[in-house]
Amino acid sequence: MIKIAIAIGLFIVSNSPQAPISEVVQEGAPAYAEWSRLAITQTQSKYPKASIVDYLYMGSAANNGSTVATFRLWLREGNREYGVVVRVTYVTETEKLESVSFHEIVPPGRSEEQ
């Protein structure tokens, strides 16, 4: 049910730039919801001409006092569709943000030039 709420929220966000990101995740959301919102807003800032068409929480991993939450977002920009893996790193104990990184994914069977 939560995945459906997130998917509906992403649809609203991707089709209405005026929709506040707070509508994406609601009460009772999973622990990674805050980091999901951050990954979405940071992706929207980095790729302002693209629409987010899909979203996947890939999991979290703790290491040396930090946690890395990983998300895959699928973007559409004109005729181009591509994925972006977003890694949000934060201090596990305080939940203070350390960094956000992006890695573009080329769809299978396509080259960077397409």
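Author: Two strands pair if DSSP finds at least two bridges between them. Helices (H or I, at least four residues) and strands (E, at least two) are DSSP runs, numbered from the N terminus. In this structure, the bridge partner of Thr70 in β3 is Arg87. The model is a predicted one, in which local features need pLDDT of at least 70 and side-chain atom pairs count only at pLDDT 80 or more, while totals for chains, interfaces and linings use all residues. Residues are numbered from 1 along each chain as its sequence is written, and side-chain values use heavy atoms, with hydrogens and water left out.

Reader: How many helices and strands does the chain have, and what pattern does the chain follow along the sequence?

Author: There are 2 helices and 4 strands in the chain. Along the sequence the pattern is α-α-β-β-β-β.

Reader: In what order do the strands stand in the sheet, and what is the sense of the pairing?

Author: Strands of a sheet pair through backbone hydrogen bonds, either parallel or antiparallel. Here, 4 strands form an open sheet in the order β1-β2-β3-β4, and the pairing is antiparallel. β1 and β4 are the edge strands, each of which pairs on one side only. From one strand to the next, the twist averages 20°; axes are lines fitted to C-alpha atoms, for helices over the stretch in contact, and angles run from 0 to 180 degrees between N-to-C directions.

Reader: How many bridges do β2 and β3 share?

Author: β2 and β3 pair over 12 bridges, again in the antiparallel sense. Besides Thr70 with Arg87, Phe71 stands opposite Val86 in β3, and Trp74 stands opposite Gly83 in β3. This hairpin has 2 residues between its strands, and Gly78 in the turn has a positive phi of about 65°.

Reader: How many bridges join β3 to β4?

Author: The antiparallel strands β3 and β4 (residues 97-105) are joined by 8 bridges. Val84 stands opposite Glu104 in β4, and the bridge partner of Arg87 in β4 is Ser101. In this hairpin there are 5 residues between the strands, and Glu95 takes a positive phi near 60°.

Reader: Why does Thr70 count as buried?

Author: Buried means under 20% relative accessible area, exposed over 50%, and partly exposed in between (1.4 Å probe, protein chains only). Thr70 lies in strand β2, and Thr70 counts as buried because its relative accessibility is 12%. Contact means heavy atoms within 4.5 Å. Not counting residues up to four places away in sequence, Thr70 touches Leu56, Tyr57, Met58, Gly59, Val85, Val86 and Arg87. Thr89, which lies in strand β3, counts as buried because its relative accessibility is 14%. Of the 114 residues of the chain, 32% count as buried.

Reader: Which residues have the most contacts inside the largest nonpolar core?

Author: In soluble globular proteins, nonpolar side chains tend to be buried together. A nonpolar core is a set of buried Ala, Val, Leu, Ile, Met, Phe, Trp, Tyr and Cys residues joined through side-chain atoms within 4.5 Å. The largest one here has 18 residues, and those with the most contacts inside it are Trp35, Phe71, Leu73, Leu75 and Val88. At least two residues of this core come from each of α2 (33-46), β1 (51-63), β2 (66-77) and β3 (80-91). β3 supplies the largest share, 5 residues.
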